[in-house]
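Please consider the following structure. The briefing after it is grouped by topic.

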Amino acid sequence: MRADRSDDALDTLFQPFADGLLRWPEQGGALFLRARDGIGLRQRPRPGLVCEQGFKPDVDALHRAGLDTVDLDALDPQQRYPLVLVLPPRQREEARALYAQALARTAPGGRVVACLRNDEGARTGEADLGLIAGPVASLSKRKCRAFWTAPLQGPADPALAEAWAGADAPREILDGRYLSRPGVFAWDRVDPASALLARHLPADLRGRAADLGAGYGYLAMELLARCPGIVALDLYEAQSRALALARANLARTPTAAALEFFWHDVTAGLERRYDVIVSNPPFHAQGREERPDIGRRFIAVAAQALNPGGRLWLVANRHLPYEAELDRTFGEVRTVAQQGGFKIVEVIRQAGRA
């Protein structure tokens, strides 16, 4: 979401302040969990604002706007704020953990203010916050709902708040084969598109490789297991939570390949060159809206990052319009398989292209 475009949830989050229902704290600042830049944030000064965000494109946008971001683990554990703002995720366990974190960071007499789109669980989110924080007020606008607590003296249900604090903790899944956590893409399973791509990876892939949009590391692990000629593998992932899981999972994978991990927005381009790139590119950003432009950009970046003769192995939903970008950047596209609504393609970078 560009800062010059409307972000309905962000704008509605600040509506209670614009309407005079709530006041920005005069002292002590505010903590903004899952912060995003946008018009609503920039409409007036927000003194003392501290932003937290783990999605690299949003972090980069906040930095371009002159706002600093922090890792919550790096903050003083005793630091409390008179106002904690939250843009909760759709995944319920992750959202509940975030509400518990918000309450733990709220100073005595402070408030938590959150907002969700109606079609992303606004009523459920409001009810969940009320379960641990007590009565909440709300307003609806732009097909979103902002909701906020009364001045707090701690959680209304301390036991429930403590339980929710670990609701999205990392855990082993699929009989201990992988470490994952709620909120990460396909967190409790192997994504069928990635599994289909893995089954078709040829054993003769070799050299320096990259996984674009690596998630918790499944495809990278399969590439190393199936292709002994891979001598180095770089994993790129925009979600810091997912990248941490990929590090943990690859640490349990026997390999002689050199591994590096990058918290990076692939659409911003890559600095390194590769012989092999594998990818199951995202086709949503942080919301429900389909974003085929992200996948097209992944393809363009892969073309720029491949050495001549380098090979891209990609999986995508069959309905997504990637062929024009593949033809434009590579010239020759081979469809390897189509199954279950997905397609696997291999393209080879020819000298003089991209």
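This is a predicted model: local features need pLDDT of at least 70, side-chain atom pairs count only at pLDDT 80 or more; totals for chains, interfaces and linings use all residues.

Residues are numbered from 1 along each chain as its sequence is written, and side-chain values use heavy atoms, leaving out hydrogens and water.

**Helix 11**
- Helix 11 covers residues 292–305; helices (H or I, at least four residues) and strands (E, at least two) are DSSP runs, numbered from the N terminus.
- Of its 14 residues, 10 are buried (under 20% relative accessible area, 1.4 Å probe, protein chains only).
- Among the buried residues of helix 11 are Phe298, Ile299 and Val301.
- The cover over the buried residues of helix 11 includes strand 9 (206–212), strand 12 (274–279), strand 13 (306–317) and helix 12 (323–330).

**Packing against helix 12**
- Helix 11 and helix 12 pack at an angle of about 15°, with their axes 9 Å apart; axes are lines fitted to C-alpha atoms over the stretch in contact, and angles run from 0 to 180 degrees between N-to-C directions.
- The contact (heavy atoms within 4.5 Å) is made by Arg296, Ile299, Ala300, Ala302 and Ala303 of helix 11 and Glu325, Leu326, Arg328, Thr329 and Phe330 of helix 12.

**Glutamate 52**
- Glutamate 52 lies in strand 2 (residues 49–52) and is buried, with a relative accessible area of 11%.
- Glutamate 52 touches Phe32, Leu33, Arg34, Ala35, Val70 and Leu72, not counting residues up to four places away in sequence.

Definitions and conventions:
The expected span of a helix is 1.5 Å times one less than its number of residues. Buried means under 20% relative accessible area, exposed over 50%, partly exposed in between (1.4 Å probe, protein chains only).
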